[in-house]
Amino acid sequence: QVQLVESGGGLVQPGGSLRLSCAASGSIFRISAMGWYRQASGRQRELVAAITRGGSTNYAGSVKGRFTISRDNAKNTVYLQMNSLEPEDTAVYYCNVLATLRFGNNPDTYWGQGTQVTVSS
């Protein structure tokens, strides 16, 4: 199985910055895509940003230009640098990875436990 450990959430004032990290561990053959989703209270979970193994990125329109996703393939870790945070960014942020556990198997999706990000003065 795959374990995802997230860190870096917290309370920040509007305009501030936070950096989220998510480290994957376990018997992993290969991690393909990695990403971050968020779910605000009363709303559906939505994609924030994703990155392929080769480094191609995709962002939600609401965070483009403010958030940056990156990854360290050697450490099986994905990061989300969040700048110019707004109250509307308040949500639980979830790490998501597409991983293959054995050569020849199809990849499966795994989720982290979530980390709270609160943007408030």
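This is a guided tour of one predicted model, stop by stop. Residues are numbered from 1 along each chain as its sequence is written. Local features need pLDDT of at least 70, and side-chain atom pairs count only at pLDDT 80 or more, while totals for chains, interfaces and linings use all residues; side-chain values use heavy atoms, without hydrogens and water.

**Whole chain**

Start with the protein chain in cartoon view. It has zero helices and 11 strands. Helices (H or I, at least four residues) and strands (E, at least two) are DSSP runs, numbered from the N terminus. The C-alpha atoms fill a box of roughly 50 × 25 × 25 Å along the principal axes. The radius of gyration is 14 Å, close to the 14 Å from the globule rule for 121 residues, so the chain is as compact as a globular protein of that length. That radius is taken over C-alpha atoms, and the rule is 2.2 Å times the number of residues to the power 0.38.

Colour by accessibility next. Buried residues make up 38% of the 121 residues. Buried means under 20% relative accessible area, exposed over 50%, and partly exposed in between (1.4 Å probe, protein chains only).

**The disulfide**

Select Cys-22 and Cys-95. They form a disulfide, with sulfur atoms 2.1 Å apart; the cut-off for a disulfide is a pair of cysteine sulfur atoms within 2.5 Å. A search of the whole structure finds one. Cys-22 lies in strand S3 and Cys-95 in strand S9, 73 residues apart. The S-S torsion is about -80 degrees, so this disulfide is left-handed. Cys-22 is buried at 0% relative accessible area. Cys-95 is buried too, at 0%.

**The core**

Now select Trp-36, Leu-80, Met-82, Tyr-93 and Val-97. Within the largest nonpolar core, which has 30 residues, these touch the most other members. Such a core is a set of buried Ala, Val, Leu, Ile, Met, Phe, Trp, Tyr and Cys residues joined through side-chain atoms within 4.5 Å. Strands that give two or more residues to it include S1 (2–7), S3 (18–26), S4 (30–39) and S9 (91–100). S9 gives the largest share, five residues. In soluble globular proteins, nonpolar side chains tend to be buried together.

Stay on Val-97. Leaving aside residues up to four places away in sequence, Val-97 touches Val-2, Leu-4, Ile-31, Ala-33, Met-34, Asp-108, Thr-109 and Tyr-110. Contact here means heavy atoms within 4.5 Å.

**Aromatic pairs**

Rings of Phe, Tyr and Trp (its six-membered ring) pair if their centres lie within 6.5 Å; planes under 30 degrees apart are stacked, over 60 edge-to-face, and the rest tilted. Phe-29 sits in the loop between S3 and S4, and Phe-103 in the loop between S9 and strand S10 (108–111). Phe-29 is partly exposed at 46%, whereas Phe-103 counts as exposed at 71%.

Move to Tyr-37 and Trp-111. Here the centres are 5.0 Å apart and the planes at 65 degrees, so this pair is edge-to-face. Tyr-37 is in strand S4 and Trp-111 in strand S10, 74 residues apart. Tyr-37 is partly exposed at 24%. Trp-111 is partly exposed at 38%.

**Charges over rings**

Finish with two arginines. The charged end of Arg-19 sits over the ring of Tyr-79, 4.1 Å from its centre. The charged end of Arg-45 sits over the ring of Tyr-94, 3.7 Å from its centre. The criterion is NZ of Lys or CZ of Arg within 6 Å of the ring centre and within 35 degrees of the ring normal.
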